[in-house]
Amino acid sequence: FSIREFERVRIAFNRMVERIRQLKITSYEKELEAKHAKLQYLQLQIRPHFYLNCLKNLYALAEAKQYHSIQNTILALSGYLRFIFRDNMKRIPLSQELRSIRDYMQLQTLCNANPPCCKMDIDADLEDFLIPPLSLVTFVENSVQHGTTLDHALVIRIRVSRIRGKDGDYVSLLIFNNGPAFPDFILQEAAEPEPQIYHSQHVGINNIRYRLHLLYGETAALSLYNSAGFPCAELFLPGNDSNIK
């Protein structure tokens, strides 16, 4: 080859490499867009259920002519919905999720004659740990919906702690209550190896499983089980950002 021919080959080769790089970037961006679209869809699945429950509670208060309670409920609801309808595409500090749970429990206090309570045991160094939004809120809502009985007041407990393992550090987010145990079909459904993007029932549980799969791949997990006859939901998230997809 002459120097001129060699230069032409070099330029052509560099153009080809740059084109491949651009194609990879475009492909990656499309993959991210698809993932974000799925996450948006999953967030929308959760919102109508809670919103309709709140409207039903407000209707009951209006029937009872409890106008002061209606005003307080609307104020608490506005703060909670501000969290629900925020941009949920990014993970949030654990402290924000816990704050939204406190708002939700305040709503229950205003709307229920025998309101549930929520007790939290959180490692101090995990307040700023990033989690997918609505990860805990969903199970608190489910606890209230399915765990409330006339026999005794519902007590929900949340424990967040760090776990040291051979394959790295994990953060455990455990939610349990003194309500009825999970039925077998729920446990079987939650144990299915492939999470579904849509399911006609138990939307919240399937929603969280699929979002964990999108965000963390195989490095995060959700476990449902019964302990001493009480329902437990436990999320395991990687303790650092290196395992996030």
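Visitor: What makes helix 4 (residues 137-147) count as largely enclosed by the rest of the structure?

Guide: In this predicted model, 9 of the 11 residues of helix 4 are buried, so the helix is largely enclosed. Those buried residues are Val137, Thr138, Phe139, Val140, Glu141, Asn142, Ser143, Val144 and Gly147.

Visitor: Why is Ser135 called buried?

Guide: Buried means under 20% relative accessible area. Ser135 has 3% relative accessibility, so Ser135 counts as buried. The residue is found in the loop between strand 3 (130-131) and helix 4.

Visitor: Which residues is Ser135 in contact with, leaving aside its neighbours within four places in sequence?

Guide: With those neighbours left aside, Ser135 is in contact with Glu97, Ile208, Arg211 and Leu235.

Visitor: Why is Met16 called partly exposed?

Guide: Partly exposed lies between the 20% limit for buried and the 50% limit for exposed. Met16 has a relative accessible area of 45%, so Met16 is partly exposed. Met16 is found in helix 1 (residues 3-63). Together with Phe13, Val17 and Ile20, Met16 makes a nonpolar surface patch of about 360 Å².

Visitor: What makes strand 4 (residues 155-165) and strand 5 (residues 168-177) a pair?

Guide: Pairing needs at least two bridges between the strands. Strand 4 and strand 5 have 10 bridges and run in the antiparallel sense, therefore they meet the limit of at least two. One of the bridges has Ile156 with Asn177 of strand 5 as its partner. A hairpin through 2 residues joins the two strands.

Visitor: How do you know that strand 2 (residues 117-122) pairs with strand 4?

Guide: Strand 2 is joined to strand 4 by 6 bridges, and since at least two are required, the strands pair. They run parallel. Ile122 has Val160 in strand 4 as its bridge partner.

Visitor: Which residues touch the most other members of the largest nonpolar core?

Guide: Among the 48 residues of that core, these are Leu94, Ile101, Phe139, Ile158, Leu173 and Leu224. Leaving aside neighbours within four places in sequence, Leu94 is in contact with residues including Ile122, Val160 and Leu173. Phe139 is also one of the buried residues of helix 4.

Visitor: How many of the residues of the protein chain count as buried?

Guide: The share is 40% of the 245 residues. The chain has 6 helices and 7 strands.

Key:
Residues numbered from 1 in each chain as written. Predicted model: local features only at pLDDT ≥ 70, side-chain atom pairs only at ≥ 80, totals over all residues. Heavy atoms only, no water. Core = buried A, V, L, I, M, F, W, Y, C linked by side-chain atoms within 4.5 Å. Buried < 20%, exposed > 50% of the residue type's maximum accessible area, 1.4 Å probe, protein only. Contact = heavy atoms within 4.5 Å. Helix = DSSP H or I, 4+ residues; strand = E, 2+ residues; numbered from the N terminus. Patch = residues over 30% accessible without salt bridge, like charges linked within 9 Å, V, L, I, M, F, W, Y side chains within 5 Å. Areas by Shrake-Rupley, 256 points an atom, 1.4 Å probe, with all protein chains shown as cover. Salt bridge = Lys/Arg side-chain N within 4 Å of Asp/Glu carboxyl O.
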